[in-house]
Amino acid sequence: MSGIHFGHNHTPYAPEFRPTAGVCVPFAWLAPEWKLAVMLTLVVVTAVMPLTYWFWHVGAGALLIVLALVGRVALKPLLWRVLWLLPFVAGAALAAAWHGPTGPGWPTVAARGGLCLLIVLIFAAVTPFGALPGVLRRVGVPALLVTTMALMHRYLFVLVDESDRMRRARTCRTFMPRRKFGWRLDAEVIGRLFVRASERAERIYLAMCARGWK
Amino acid sequence: MTPPALAVEKLAYRYPDGTVALREVSFQIAAGECVGLLGPNGSGKSTLLLHLNGILPDKPGASGTVNVQGELITTANLEAIRRQVGLMFQDPDDQLFCATVEEDVAFGPSQLGLAKEVVFERVRQALARMGLTGYERRTPYHLSQGEKRRACLAGVLACEPSILVLDEPTSGLDPRGRREFMALLREVPATKLIATHDLEMVVEMCSRSIILDGGCVVADGPTLDLLDNEELMLAHGLERPHSLHHLRIEEPFFWKPPQQLGK
Amino acid sequence: MHIPDGFIDGKTAAATAALSAVGVGLALRQVRRELPPRKIPLLGLAAAFLFAAQMVNFPVAGGTSGHLLGGVLVAALLGPSAAVVVMTTVLIVQCFLFADGGVLALGANIFNMAILGSMSGYAIYRLVGNYLPGIRGRVTAVAFASWCSVVLASIACAGQLAWSGTVAWSVAFPAMTGVHMLIGLGEGAISALVFYAVAKARPELTTNAPAQPARSFVGYGLLVAIGIALFVAPFACPWPDGLEAVAAKLGFEHVAKESMAAPMTNYVMPGVGSVGVATALAGIVGSLVAFVLAVVLSFLIVRKEPTATKTSASA
């Protein structure tokens, strides 16, 4: 659902890249396990393929563009996300450039990194998160880890909303913008967010018990 | 003689930090009754509700007893008790902890160990009763308050409890959501105990009321007698509901046209 | 410090994946044993909290902004094994959903940040916290331990990049460690502030010290030692077999030094011949400076310490 606002710090974490989240899923005919398998295969092959086989990289790039168009992935958030991550790829590519001839070289690093980035992002855009815990459970990831992940996703937006509300309430009573103490106040909000999170966790445990959780 | 649906006897509770939440609370609720639990904030209503399905105290029977359908709550029969007593929490976000509505409503039945088809059927029925057919795949985050409350109730009803305990079910709802919820609640045939500040709802739905203040039961009787007693209401952080200012209601579930009365 | 895909090669990915799997397995077993059932949802909520907290950007020295990593903070509040589980969850979701950290590099990222960072940070937190009194002491401990965790994680990261042959150790190590020594200051400051905010609001959340049996520490210690042996030792301490190797390294080091930008030359102390000793000295000096800063920070943050301890003692 568009319009989920993550506060005035513009962070590129968007919950879904799709403008109509949760309503229709692209490639719904493909089970999430297969999507995961395809994604992993693409990533592994791209990561180890030397640049001499450039047709692989070009081909993969073209495939990704096609997938994105067919899947009606919202391009702007996707590109923004890529832009956000690009400096890391660029930085390491630069460092690789200094390594000299024994290393893979900066074009390879940049190409591999960028391509793998796109693969994962498009996978994330076409797979609703709700499917992921089930898939991971079937693959054999321990239950505690999967439960933690599911609860994390469930309550992430709730907590972000709470932190937004707290900061908004604080702004209403801040008459002089004190840059110096911005840290302190932000940290207090985060601290109270943790307290609220742990209180909510207690209540969730009670709600689970009330419905017979063992 | 059939045992009462709920029988609380001299229940006391003290929080780990020392605050006394309940002192010698005793009351009984017969099967099929709809009882309102009233009281100011901090009176111990929510704490009392947590005792009714064995969540509190950690060691049942330490101070006071709770009997459900004649059976005493002990550490051994907590599962069976929770099957009979469905508790709906105040904050729907605490209760809707699964990724989708369908999963959440299915949580209770699957914890009961029922077969997949039975669970599926119960989920379908519960959602249909709450008017939420088609909401199966929706995430709780994207629902409105009214829809969340209905999803919570669906999740509790899917376990088919005989006793329904609700903590402030209409708080934060818009008038339409509130009316819809009350209409749905009226159709549930279970014994109901509703902790609420919504006095108008109590007048409309509950034949009997219990007033809790400072951890003690200060009044227990027919709703109209209690709620019409202005002194009693004001003394315990409540007030006489407006519907009783202007109307004389003989039967709580029939509305008569407004009459002038000397009160 | 999330390593993207394509930066580490197969053997590094496999080694780190194996180490991480063992470490996370240990942590899960520990959590299941020591965490009471009512705290199980707290893991998910803590992960959500960390995720949400990482979205708040703090201004760092004009223009740029940094964000909290949070491993040591969560370890101080929930215990080290819980911190490993929580951090792992956050890293997995960041990897699969936001491509923040490569899929193949997931093992490396988990090892660096969740296992090495959190565990070593927690150990330092307990050590320092035991010797310094009161809430000030714990705030100092959190600050310093957070700084250490970031720096240690970056060292391991540099080692993994070097072992993969992507970036030379002589380039990666000073670059990563230098930058992260600065980033670590921010991390330490934020962690300390948040820890103190929690301590003020609900002191009982910060005083739980789950008794960590020595056995599990041995397990983690072993993992960390293997990690160091694989990723750091080969580069930091040239094996004493062959003067040529040492000379080659030193000669190479000179070349690297010349091509590096000015801030990095401060890393190797002038007047000290061997690279190894110079690095060690620089590291020690850096750590001492960070520790002093942590103490200063705690004095700035915690104003009324004596009365706080008195009231908590009388309650």
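Predicted model: local features only at pLDDT ≥ 70, side-chain atom pairs only at ≥ 80, totals over all residues.
Q: Why does a strand have two sides to check?

A: In a regular strand the side chains alternate between the two faces of the sheet. For β3(B), residues 34–38, five of the five residues are buried, so the strand is largely enclosed by the rest of the structure.

Q: Which strands pair with β3(B), and in what sense?

A: Look for the bridges on either strand. β3(B) runs parallel to strand β8 of chain B, residues 191–195, and four bridges join them. Strand β9 of chain B, residues 208–213, also pairs with β3(B) in the parallel sense, again over four bridges. G36(B) is a handy place to start: its bridge partner in β8(B) is I194(B), while in β9(B) it stands opposite S209(B).

Q: Stepping back, how do I read the overall build of chain B?

A: Begin with the elements: chain B has 11 helices and 10 strands. Then turn to size. Its radius of gyration is 19 Å, close to the 18 Å that the globule rule gives for 263 residues, so chain B is as compact as a globular protein of that length. Along its principal axes, the C-alpha trace spans about 60 × 45 × 40 Å. Buried residues account for 44% of the 263 residues in the chain.

Q: What share of the contacts in chain B joins residues at least 24 apart?

A: Count the contacts between residues at least 6 apart in sequence; of these, 66% join residues at least 24 apart.

Q: Now the interfaces: how many residues of chain A and chain B are in contact?

A: Count each side separately. Here, 20 residues of chain A touch 25 residues of chain B. On the chain A side, α6 and α7 each supply at least two residues, and α7(A) gives the largest share, with eight residues. By class, that side has 12 nonpolar, four polar and four charged residues.

Q: And how many residues do chain A and chain C bring to their contact?

A: Chain A gives 62 residues and chain C gives 55. Several helices of chain A contribute two or more residues, among them α1 (32–48) and α3 (75–99). The largest share, 18 residues, comes from α7(A). This side of chain A comprises 43 nonpolar, 11 polar and eight charged residues.

Methods: Residues numbered from 1 in each chain as written. Chains lettered and ligands numbered in written order. Contact = placed C-beta atoms within 7 Å. Nonpolar A, V, L, I, M, F, W, Y, C, P; charged D, E, K, R; others polar. Rg over C-alpha atoms; globule rule 2.2 N^0.38 Å. Buried ≥ 20, exposed ≤ 12 C-beta atoms within 10 Å, placed from the backbone. Pairing = 2+ DSSP bridges.
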